[in-house]
Structure formats: structure tokens, C-alpha cells
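Welcome! Here is a short tour for someone meeting this structure for the first time.

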Amino acid sequence: MIPIKDEKEIEIMRQAGRILSGVMKRIALMVSHGDSTLDLDKLAEKLIIEAGAQPAFKGYGSGRNAYPATLCISVNNEVVHGIPRQNKKLQQGDIVGLDCGVKYKGYFSDMAVTVPVGKISSEAQRLINVTKNSLDLAIRTIKPNIYLGDISYEIQNYIEKNKFSVVRQFCGHGIGRELHEEPPVLNFGKKGTGPKLSPGMVLAFEPMVNQGRYEVEVSGDGWTVVTKDGSLSTHFEHTILVTKKGCEVLTR
Ligand code: MF3
Ligand code: CO
């Protein structure tokens, strides 16, 4: 069952989304040569708590392998779930995926962007643009009574037309009282498949796009996902409410 949010829940999720997008904007503007990824993480945590929310990723999972940080910071060939570390410093020419979630009054919001550090290669910039455009295309497509697969198809088609590849092993998700709810939101697929969309569903769309092949693997720290072929990867994500007429991006 895909949860349908009522007006009261939606209003809280709007607030959660506003807090998260505000924090993300500030962190994204901070990113520069020489920054320690752990310093960015600490700042994000402080801003979230000041806003009256809590980091959603910290402690996610259980036991020894619980996620240890507020942000996922995934640099260059890292796809998602990069763990911030003090001695991991950003450099001119890097592309940096910033992924963050917050919990506010019992509801989650989730968002990611990829930003450059200084001047980057034109191919890296094209990868960023195509990934962001694929999410914007999804946003223009989302409306009630179409199939989730219709959107997955549009995302994949656009990315592959541009000669990049879509990560298969990870996907987006429903979101609300839990960070990950039904349904899985794939970035590849066929028209006319999957559940039909209805007003009140809240979905996190998060295309992950590789410059080279689509295969990825989890590295030695048990979290950081990297491309198998070492090529660059980018990630954008928004938390999106399906409305009567189309959709509303809650993390804008
Ligand atoms: N945006 C990712 C997701 O929704 C980030 C999760 S990081 C984790 O799955 F630590 F919470 F797993
Ligand atoms: Co997510």
C-alpha cells in the first residue's frame, strides 16, 4: 500500500522540505577547494538542529554499520552514500553530490544536488546538466492517473539519449512517516508498469547517472557506492507531492 497524505501531513512535509532546501542551499554555496567533507557535515547538522529538525540519515540502519553522518557527500566516481571524513578534502575540478534528509514533527524530507568545485570539465558539466534535467523532466511529467513506470521511462530515455547511463542498483522511494516507504521509484522502466499515481502520494525521485557504464559497487567502508568503471557519477533528488493537477516539489 502506498500511503496517501492528508492536508495536515502535507503541511508538515512542506515545512520539512523548506527547512531541508534552505540547509542544502547554504551547504551547496559553501562548497569550495580545500573544504573537509566532515566540516560541511558538521555545519549541516548544526543548521538542521537550529531549524528545529533532526538529521534523518544519522544512525540509519542498525548496529555497527549504522550510517554515521548527516550528509552523504559523494565525490567524482562516488555515486551515493559517501561518508564525510575529516581528511577527505574537496579539490578544484571535483563534482560533489550532497544528499541530505531531515525529520520534522514526525515526517521526513529528502533531497540531493551535485555541485562543481571551481572550474570543471565540460563533460562533467554536461553530466550534471543531464541528470538535473532528467529530474526536471520527471517533475513536468508527474500527474495523477499515469503509471509510475511512465515517469521511470522518461527519465531513462532522456539520459540514454544523451549517452549516459542510469544506475540500476539504487532507486528513489515513497517518503513520509518513514524515510523509505512504498513504492520503489525506479529511474528506468517501461511505460504502463507499476502503480498508478494518486493525489496525496509523496515520492522521492533521485536519478543517479554515470558517465560510463551503469554498474556500481559498495566500497570497503560498507557505505560509499562507486562506479565499477571509475567514471564520474551525479545525483539529484527532490521530495515531490502528487497533486490533483500535477505535482508540487516540497524541497524547492
Ligand atoms: N537519499 C538516500 C536515500 O533516500 C540517502 C540515504 S542515506 C542513509 O536512500 F544513510 F540514510 F541510508
Ligand atoms: Co532518497
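## Around the ligand

Ligand 1 has 13 residues around it, and D99, D110, H173, H180 and E237 come nearest; a residue is near if one of its heavy atoms lies within 4 Å. This is a predicted model, in which local features need pLDDT of at least 70, side-chain atom pairs count only at pLDDT 80 or more, and totals for chains, interfaces and linings use all residues. Residues are numbered from 1 along each chain as its sequence is written, chains are lettered from A and ligands numbered from 1 in the order in which they are written, and side-chain values use heavy atoms, leaving out hydrogens and water.

By class, this shell holds six nonpolar, three polar and four charged residues (Ala, Val, Leu, Ile, Met, Phe, Trp, Tyr, Cys and Pro are nonpolar, Asp, Glu, Lys and Arg charged, the others, Gly among them, polar).

## Reaching the oxygen atoms

A polar side-chain atom of H173 sits 2.7 Å from an oxygen atom of ligand 1. For H180, a side-chain N or O atom is 2.8 Å from an oxygen atom of the ligand, and for E206 the distance from a polar side-chain atom to a ligand oxygen is 3.2 Å. Taken alone, ligand 1 exposes 330 Å², of which the protein buries 95% (Shrake-Rupley method, 1.4 Å probe).

## A sheet of three strands

Now for the strands (DSSP E runs of at least two residues, numbered from the N terminus; two pair if DSSP finds at least two bridges between them). An open, antiparallel sheet runs in the order β3-β12-β11. Its edge strands, β3 (78-80) and β11 (216-218), each pair on one side only.

β11 and β12 (residues 225-227) pair over three bridges, and E217 has V226 of β12 as its bridge partner.

Definitions and conventions:
Helices (H or I, at least four residues) and strands (E, at least two) are DSSP runs, numbered from the N terminus. A polar contact is a pair of N or O atoms within 3.5 Å; within protein, one must be able to donate a hydrogen and the other to accept it, and residues adjacent in sequence count only if both atoms are side-chain atoms.
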